[in-house]
Amino acid sequence: MSCTQAPDDAVILFNGKDVSNWTARNGGPATWKAVDGILQCVPGTGDIVTKEVFTDFFLHLEFRSPDMPDATGQGKGNSGVYLKCRYEVQVLDSYGWEKPGMGDCGAIYDQHAPLVNACKPAMEWQTYDVVFRSARFNDAGELVEHVRVTVFHNGRVIQNNVELPGVTGGALDDDESVPGPLLLQDHGNLVSYRNIWAVPLPLEGSKIYGPE
Ligand code: MG
């Protein structure tokens, strides 16, 4: 499953023309570039963060790994998609690796390895489709349900409703009780993105049975 067309209620996070919907980590101007409809990391300039914040949502984006034939491991096309700026879905060129681990493409970094390796080769566009359910808190402010995430990578299920025990390394903050933006990681590699949008989701459905 991969949704390539943004529905009417989607929030368009990259318009293909500029980075006006984004800032740097510190709130200053975003340092990445819009080039020919593509959002390009400018390696070494830092992460970028959406101005829009989310609670529960569905996210679609496309990414492209640079061709780095001599690079290995975490140095091969590293970036990352931080859901609510706190939970990294790893972006890496892990193409062809038989058994991806907890730091490879599609991993919830250091928490959950992808179920299968769904990577395409470097320089091919790939899709992430993510269903995100925020942590739930009771009236006393105590966490009662952890975050849950489902991820499709190039249309294949790689994370099946996994529970996240907390934020991942490099999170912008660790307050799981508040909405957060999307963050794209600069890990020093020329990774590109396009077609980034999210649909905010209601926290629950109604209690009615059938139309009234
Ligand atoms: Mg990363």
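Is Phe-58 buried or exposed, and at what relative accessibility? At 13% relative accessibility Phe-58 counts as buried, where buried means under 20% relative accessible area, exposed over 50% and partly exposed in between, with a 1.4 Å probe and protein chains only.

The legends describe a predicted model, in which local features need pLDDT of at least 70, side-chain atom pairs count only at pLDDT 80 or more, and totals for chains, interfaces and linings use all residues. Residues are numbered from 1 along each chain as its sequence is written, and side-chain values use heavy atoms, with hydrogens and water left out.

**View 1. Phe-58 and Trp-197 form a tilted aromatic pair.** Rings of Phe, Tyr and Trp (its six-membered ring) pair if their centres lie within 6.5 Å, and planes under 30 degrees apart count as stacked, over 60 as edge-to-face and the rest as tilted. By this rule there are six aromatic pairs. In the pair of Phe-58 and Trp-197, the centres are 5.9 Å apart and the planes stand at 50 degrees. Trp-197, at 1% relative accessibility, counts as buried.

**View 2. Phe-54, Phe-57, Tyr-87 and Phe-132 form a cluster.** Ring pairs link these four residues.

**View 3. A magnesium ion is coordinated by five residues.** Donors are N, O and S atoms within 2.8 Å of the metal (3.2 Å for Na, K and Ca), and because water is not among the atoms, sites may look incomplete. Here Asn-78 (OD1), Ser-79 (O), Glu-88 (OE), Gln-90 (OE1) and Gln-185 (OE1) coordinate the ion at 2.2 to 2.4 Å. Both Glu-88 and Gln-185 are buried.
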